[in-house]
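Thanks for coming. I have one chain to go through today, and I will keep to the geometry.

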Amino acid sequence: MENNSNSMQDNYGRVHNYLRISITEHCNLRCTYCMPAEGIALTPRAHLMTADEIVTIAKTFVKLGVNKIRLTGGEPLVRKDAKIIIEQLGKLGVELTLTTNGILVHEFIDTFKEARVTTLNVSIDSLKKEKFNQITRRNYFEKVIENLDLLEANGFQVKLNVVVIKGFNDHEIIDFIEMTKGRNIQIRFIEFMPFDGNQWNKEKLVSYAEILGQVNEFYAEQKVERIQDKPNDTSKNHKIIGYQGSFSVISSVTNPFCSTCNRIRLTADGKLKNCLFSNTETSLLDTLRGGDSIEPLIFQNIKSKHTMRGGMDDDAKFQNPLLFSKNRSMIKIGG
């Protein structure tokens, strides 16, 4: 089958050319919005994709039209063979990037350069050490800040992922934006989303409108500029006039971007999810290990994609824990 971006088009005309691969369920943090306080039952190693299987499946997706791959986790860099995986995927001729918590990036600078990784998303939800430690349940704040500087010094485009939670870090929105004054970084504020075990409720949600209201009020004199979004962008992009960097809001809850979604997700145990919020999955790994083609399963999975948020197409469904608790916890999805 020749490379054709239309091969992975769903029933609503959305072409899927962006694959997010979780390469591990393990993480060296325990973020409150990502996993339950008691932790999770990890998938046995024998049921997880090997490095060769990850590359083989990725090659199939590239043949079908994928031109961007993002590695996620857990924390992707804790996997022992992460360097091998990154190097092999870097040879596929796609845009390769990853989302990381930043703790281990100093060990991968040369690997990133060899694999032609130019942009990294770093998750950090507070610029205050005590708050950082509270939400991550760990003490790595100084290392993350040090590695952010290291990435910038080595010429990487850095995007900071900030999950905004009311009463916890919403008062730091301006502090994060001030980082863009003299630094070419992008701050990505993410609305708090419901997943299994993360104690989500709407009272904790800080909406896109609330974030922008706070920003417009603070920067009334300097002015906030709306930047043109890229095709299939999940974020609504802005910048403060005169500032070097920019900021954006990912409004998955209050203003979802489902109509232009081009993303598909592969979990660490080789299951395909056509939506972050979907509670149905297709096992590619079992079929691959059985020696059969995974392409029919890919097409079937894409065609079954709902119009919006895994079928939770109104607020009542989206806020119903009987529905969103059927999904995995975020750490087992891969973000």
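Predicted model: local features only at pLDDT ≥ 70, side-chain atom pairs only at ≥ 80, totals over all residues.

Residues are numbered from 1 along each chain as its sequence is written, and side-chain values use heavy atoms, with hydrogens and water left out.

First, the chain as a whole. There are 12 helices and 12 strands. Helices here are DSSP runs of H or I with at least four residues, strands are runs of E with at least two, and both are numbered from the N terminus. Of the 335 residues, 55% count as buried. Buried means under 20% relative accessible area, exposed means over 50%, and partly exposed is in between, with a 1.4 Å probe and protein chains only. Taking contacts between residues at least 6 apart in sequence, 72% join residues at least 24 apart; a contact means heavy atoms within 4.5 Å.

How many of the residues of β6 are buried? The count is 7 of 7. Ile-185, Ile-187, Phe-189 and Glu-191 point one way, Gln-186, Arg-188 and Ile-190 point the other way, and all are buried. As background, side chains in a regular strand alternate between the two faces of the sheet.

What does β6 pair with? Strand β5, residues 157-164, runs parallel to β6 and is joined to it by 7 bridges. Two strands count as paired if DSSP finds at least two bridges between them. Leu-160 has Ile-187 as its bridge partner in β6, and Val-162 stands opposite Phe-189. Strand β9, residues 246-250, also pairs with β6 in the parallel sense, over 5 bridges. There, Ile-187 stands opposite Phe-247.

Staying with β5: 6 of its 8 residues are buried, so β5 is largely enclosed by the rest of the structure. Strand β4, residues 119-123, pairs with β5 in the parallel sense over 5 bridges, and Ser-123 stands opposite Asn-161.

Next, helix α4, residues 129-136. Which residues of α4 are buried? They are Phe-132, Asn-133, Ile-135 and Thr-136. The buried residues of α4 pack against α5, residues 141-153.

Most residues other than glycine have a negative phi, and most peptide bonds are trans. Arg-137 follows α4 and lies in the loop between α4 and α5. Arg-137 is not a glycine, yet its phi is positive, about 60°. At 27% relative accessibility, Arg-137 counts as partly exposed. Asn-232 also has a positive phi, near 65°. Asn-232 is in the loop between β7 (224-226) and β8 (236-240), and it is partly exposed, at 30% relative accessible area. Then there is a cis peptide bond between Gly-73 and Gly-74, with omega about 25°. Gly-74 lies in the loop between β2 (68-72) and α2 (82-89).

Leaving aside neighbours within four places in sequence, Ile-294 is in contact with Ile-57, Thr-60, Leu-284, Thr-287 and Leu-288. Ile-294 and Ile-57 are 237 residues apart in sequence, with their C-alpha atoms 8.2 Å apart in space.

Last, the second largest pocket. Its volume is about 420 Å³. A pocket here is an open set of points on a 1 Å grid over the protein atoms alone, where a 1.4 Å probe fits, with protein on both sides within 12 Å along at least five of seven lines; lining residues have an atom within 4 Å of a point. The lining has 16 residues, and Arg-45, Leu-48, Arg-79, Lys-80 and Asp-81 lie nearest the centre. By class, the lining has 7 nonpolar, 4 polar and 5 charged residues. Asp, Glu, Lys and Arg count as charged, Ala, Val, Leu, Ile, Met, Phe, Trp, Tyr, Cys and Pro as nonpolar, and the others, Gly among them, as polar.

How values were computed:
Points joined across faces, edges and corners; volume = space filled by probe spheres on them.
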